[in-house]
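Here's a quick briefing to read alongside the model. Have the viewer open and follow along.

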Amino acid sequence: MCGDSTNWDEDAYRKSILKEREILTRTVFRTVWGPSKDGSPDTIVIASSDGSITSYSIPSCISKLPLGLSNSKVQQLLGIEPDGFLHGHDGPAYDVKFYGGNEDALLLSCGDDGRICGWRWKEFTESKVPINLQGNHVKPVLDLVNHQHKGPWGALSPVPENNAIAVDPQGGAIFSAAGDSCAYCWDVESSRIKMVFKGHSDYLHCIVARNSTNQIVTGSEDGTARIWDCKSGKCIKVIDPVKDKQLKGVISCVSCITLDASESWLACGSGQNLSVWNLPTSECVSTISSHSPIQDVVFDNNQVISVGGYGGLVDVISQFGSHLCTFCCQGL
């Protein structure tokens, strides 16, 4: 054998192997642009499978591309250190959103631990603590926890996870899509649940707020998307993206949904299928198949952009469709 083994540190070696595997298997569940005064955000915030909430500077990522090489020619993915880092959740962090704007904005996240946490964005971005010590330095100003359900003889269920959140700043509300098949409306001021939306038969993957009509839309593992009235808490429309009932159980779950700016069009990702619905007429206007399961979907003017696949990677694409950069989220 080669090398000097007298100072061998078995624990350090084990930790380095586990850290390397963690980085290789990290999944980015959700991204969101940070608030910007001029309307051109240059910060992206990421919720990851390791429970972290991290922020990255896009100009910094682009500046690190080797000179003379386009991003497509770079063989090794960029490992970029975050500008900000939070230990957000015990278990995966599934979603991240902003409540409010500019300096008063709250950075919200939810995760597998059943919590919705909120941090002051200004405090997060202006922290002078070194990045490797930031994890628990900025304390949440909002901490909401899902209720446990009572079973036979008073036994308590596990705390249901939160898979997605949506916000209504004007109404002072945060909506969550939970693992107990229900959606919840939280009052931000009192930190209490003020409405429960029951009707899905399986856990919820996604949720969006249709604030112009005081409604929310949810997507579930049961294969349907549902539109809910926020005043009564009742379901007013069931949308089934899979028309062929024989396919149920194969590509049944609605994994992601999004509304356009007018809140009249709804896009649903179900397995490898993407369907677009006109809400005023309740009609499906198009169905498209992708090459991989769709994890996220967003409207950009009259276009729909879908994202599929796994891994701790983030692609940044301009509004004109050009590919700016790809980077790998680097753990701490």
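Helices (H or I, at least four residues) and strands (E, at least two) are DSSP runs, numbered from the N terminus. This is a predicted model, so local features need pLDDT of at least 70 and side-chain atom pairs count only at pLDDT 80 or more, while totals for chains, interfaces and linings use all residues. Residues are numbered from 1 along each chain as its sequence is written, and side-chain values use heavy atoms, with hydrogens and water left out.

- Look for Ser52 in strand 3, which covers residues 52-57.
- With a relative accessible area of 4%, Ser52 is buried (buried means under 20% relative accessible area, exposed over 50%, partly exposed in between, with a 1.4 Å probe and protein chains only).
- Its side chain makes a polar contact with the side chain of Asp50 at 2.7 Å (a pair of N or O atoms within 3.5 Å; within protein, one must be able to donate a hydrogen and the other to accept it, and residues adjacent in sequence count only if both atoms are side-chain atoms).
- Leaving out residues up to four places away in sequence, Ser52 touches Ile46, Ala47, Phe85, Leu86, Gly88 and Ala93 (contact means heavy atoms within 4.5 Å).

- Four strands make an open sheet in the order 10-11-12-13, with antiparallel pairing (two strands pair if DSSP finds at least two bridges between them).
- Strand 10 (162-168) and strand 13 (192-198) are at the edges with a single partner strand each, so one side of each has no neighbour in the sheet.
- Strand 10 pairs with strand 11 (residues 173-178) in the antiparallel sense over six bridges.
- Ala164 sits opposite Ala177 in strand 11.

**Aromatic pairs**

- There are five aromatic pairs in the structure (rings of Phe, Tyr and Trp, using its six-membered ring, pair if their centres lie within 6.5 Å; planes under 30 degrees apart count as stacked, over 60 as edge-to-face and the rest as tilted).
- Phe98 and Trp121 form an edge-to-face pair, 4.9 Å centre to centre with 85° between the planes.
- Phe98 is in strand 6 (residues 93-99) and Trp121 in helix 3 (residues 121-125), so this pair ties together parts 23 residues apart in sequence.
- Both Phe98 and Trp121 are buried.
- The ring centres of Phe175 and Phe197 are 6.5 Å apart with planes at 55°, so that pair is tilted.
- Phe175 belongs to strand 11 and Phe197 to strand 13, so the pair ties together parts 22 residues apart in sequence.
- Phe175 is buried at 3% relative accessible area, and Phe197 counts as buried at 1%.
- Ring pairs also link Phe98, Trp121 and Phe124 into a cluster.
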